[in-house]
Amino acid sequence: MSGWDHRHVIDLSAFSTDDFTTVLELAQRFRNLPVTGTRKLPALQGRLMTTLFFEASTRTRSSFELAARRLSADVQSFAPGSSSLVKGESLLDTARTYVAMGANLLVVRHGCAGVPQILAEALDRSGDRVAVLNAGDGLHSHPSQGLLDLFTLARHFSPDAPSPEALRGRRVVIVGDVLHSRVARSNLWALTACGAEVVLCGPPTLLPDQFADFVAAPPPGQAVDPVPHRGPVRLVRSLEEALPGADAVMTLRLQKERMHQHLLTTLESYHRCYGLTHDRLALCGRPVPVLHPGPVNRGVELAGALLDDPACSLVEEQVRNCIPVRMALLYLLAAADG
Ligand code: NCD
């Protein structure tokens, strides 16, 4: 756990290469725990993790809950629709209510970028000893997803010793709705920190030119980039240009719920240009793994046959890795709190 000094996990732009190494090593230890015998570790006994999810989730929330239980923490889940939010209680007062009940770890998902950061700062100011973990905020960031994607790729290239080094010099294509994707943004910070080359691919409406400079400087409010040399980022407009020479391809969901203008003509034409199929994948020139954070629009960004093909698809492996990676984050944050 050398050098880990994060009290909250909000955005991977704040992670050094050592931080990525720490998470990957710990996740590998948790992943390798025998499936039989004692499945629970006592590490978080007496701690309480509360999930505050203001947006839908299948994988993220349930895997955080399972991860906490595997570390013997107590788990509490908040459901916005049946809470006092509907009576006008503010988000911060809601969070404070759970902290007063003893929450040590708050896992927060919200449709507005910045909510986990604002909560973390407000709780720090009032002296509450609680760690905030961002489980997805608007278009901004989804750090635990970026980490589990990184872990999945690192294990693919180096099954016994997944580390940032396993990604150095690899070319990872991220294709699709980059504009609305907090997953793409978190992967950009993670992959470039490990020295991978990221090729972004999509139409101008879903991938504005400015993304070529996304990791060129730390985000506002962060003084320095903890990674001195990042891998390069390239932006291309066609899969025919993006795929030759790729080492992995990450597809993204078309986030229709976040599209407030007409950014697409039809789903069929999108699939024709940017949908990943076996034929398209062959352009890589060698067997290459395919990732997707889920949920998948089958036949839109990814052909169903490719999603279901275990020879190419790492999607189920990503889901399996949700648990050890989130265990690692919970463990590190709890340990940082003493
Ligand atoms: C992602 C999310 O919510 O940002 N899903 C996830 O956490 N597995 C991506 C998405 O919704 O498309």
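Which residues make up domain 1 and domain 2 in the domain assignment of the protein? Select 12-141 together with 321-336 for domain 1, then 143-318 for domain 2. These bounds come from an automatic or database domain assignment.

Before going on, note that this is a predicted model: local features need pLDDT of at least 70, side-chain atom pairs count only at pLDDT 80 or more, and totals for chains, interfaces and linings use all residues. Residues are numbered from 1 along each chain as its sequence is written, and side-chain values use heavy atoms, with hydrogens and water left out.

**Stop 1: between the domains**

Show both domains in two colours. Their C-alpha centres are 25 Å apart. Now select the contacts (heavy atoms within 4.5 Å). Domain 1 puts 33 residues in contact with 37 residues of domain 2. The buried area between them is about 2900 Å², and carbon and sulfur atoms give 60% of that. Buried area here is the accessible area (1.4 Å probe) that two parts lose on being put together, summed over both. Pick L12, L24 and L139 next. In domain 1, these lose the most area to domain 2, together 24% of what that side buries.

Two salt bridges are counted between domain 1 and domain 2. A salt bridge is a side-chain nitrogen of Lys or Arg within 4 Å of a carboxyl oxygen of Asp or Glu. Elsewhere on the tour, zoom on R182 and E55, whose side chains form a salt bridge at 2.8 Å, N to O.

Colour the side of domain 1 that touches domain 2 by element. Helix 1 (17-31), helix 2 (59-70), strand 3 (105-110), strand 4 (131-137) and helix 11 (315-336) each give two or more residues. Helix 1 gives the most, with eight residues. Helices (H or I, at least four residues) and strands (E, at least two) are DSSP runs, numbered from the N terminus.

**Stop 2**

Select the five strands that form an open sheet in the order 7-6-5-8-9, with parallel pairing. Strand 7 (233-236) and strand 9 (290-291) stand at the edges with a single partner strand each, so one side of each has no neighbour in the sheet. Two strands pair if DSSP finds at least two bridges between them. Strand 5 (residues 171-175) and strand 6 (residues 197-201) run parallel and are joined by five bridges. Click R171: its bridge partner in strand 6 is E197.

**Stop 3**

The whole structure has 17 salt bridges. One to find is R61 with E65, at 3.8 Å, N to O. R61 and E65 are four residues apart in helix 2, which means about one helical turn separates them. Move to S72, in the loop between helix 2 and strand 2 (74-78). S72 is not a glycine, yet has a positive phi of about 70°.

**Stop 4: a cis bond**

Finish at G294 and P295, joined by a cis peptide bond with omega about -5°. P295 is in the loop between strand 9 and helix 10 (304-307). Most peptide bonds are trans.
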